[in-house]
Amino acid sequence: MAGRNAASRDPGHLRTILIAREHARADAWLRKDRQALEALLAPGFVEINSLGRFGKEELLDRLFPSLTLHGFTMEEPVIRELPDNTAVISYRCHEALTVDGRKTEGTFNVTATYTLNNNQYRLALWQISPAT
């Protein structure tokens, strides 16, 4: 298929990239590093979580200052490659966080969609919901 990148020819490499990107996202939240988080996000980024739906600027300006991530673990990541330089990683995670002074901890299902932009995967959609 024309336009496929090196990661798509090596599924193990793509898996390594996406897992590293998700850990980098969590690390940016843990360290409260807005610049690091912003660098991971695609221009049209959207996050959907129990607090609502957030575009990139709203996430960075409104949610980021009020949310503190205390812990993050990832389990059972599954990678799917889609057409048009898009890849999805789905996994279960355990998160501990505080939002506006309210502590929350639990196990969640995450689906993260990445798009390849200038030879780098950027996060386009991140969705988290309670695990059942």
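This passage walks through the fold, the confidence and some side-chain packing of a predicted model.

Some ground rules come first. Local features are reported at pLDDT of at least 70 and side-chain atom pairs only at pLDDT 80 or more, whereas totals for chains, interfaces and linings use all residues. Residues are numbered from 1 along each chain as its sequence is written, and side-chain values use heavy atoms, with hydrogens and water left out.

On confidence, pLDDT is the predictor's own score for each residue, from 0 to 100. The protein chain has a mean pLDDT of 91, with 92% of its residues at 70 or more. Helix α1 (residues 6–9) is where confidence is lowest, at a mean of 52, while helix α3 (residues 34–40) is where it is highest, at 97.

Strands β4 (residues 86–99) and β5 (residues 102–117) run antiparallel and are joined by 14 bridges. Across this pairing, V88 faces T113 in β5, and I89 stands opposite A112. The two strands make a hairpin with two residues between them, and D100 in the turn has a positive phi of about 50°. On to the next pairing: β5 is also antiparallel to β6 (residues 120–130), this time through 10 bridges, with Y114 opposite L123 in β6. This second hairpin likewise has two residues between its strands, and N118 takes a positive phi near 55° there.

Two further asparagines deserve a look for their backbone angles. N119, in the loop between β5 and β6, has a positive phi of about 65° although it is not a glycine. N119 counts as exposed, at 77% relative accessibility; the labels are buried for under 20% relative accessible area, exposed for over 50%, and partly exposed in between (1.4 Å probe, protein chains only). N85 lies in the loop between β3 and β4 and has a phi near 55°, again positive in a residue other than glycine. N85 is partly exposed, with a relative accessible area of 29%.

Now for the helices. In α4 (residues 56–66), the buried residues are K56, L59, L60, L63 and F64. They share the same side of α4 because they cover an arc of only 125° around the axis, the arc being that of the directions from the helix axis to the C-beta atoms. Within that set, F64 has a relative accessible area of 6%. Leaving aside neighbours within four places in sequence, F64 is in contact (heavy atoms within 4.5 Å) with A28, W29, K32, D33, R34, L37 and L59.

Aromatic pairs are scored on the rings of Phe, Tyr and Trp (its six-membered ring), with centres within 6.5 Å; planes under 30 degrees apart count as stacked, over 60 as edge-to-face and the rest as tilted. The count comes to two aromatic pairs. W29 and F64 form a tilted one, 4.9 Å centre to centre with 50° between the planes. W29 is in helix α2 and F64 in helix α4, so the pair ties together parts that are 35 residues apart in sequence. Both W29 and F64 are buried, and their C-alpha atoms are 7.8 Å apart. F72 and Y91 form an edge-to-face pair, 6.2 Å centre to centre with 90° between the planes. This pair links F72 in strand β3 to Y91 in strand β4, 19 residues apart, and both residues are buried.

R25 is buried, with a relative accessible area of 4%.

Conventions: Two strands pair if DSSP finds at least two bridges between them. Helices (H or I, at least four residues) and strands (E, at least two) are DSSP runs, numbered from the N terminus.
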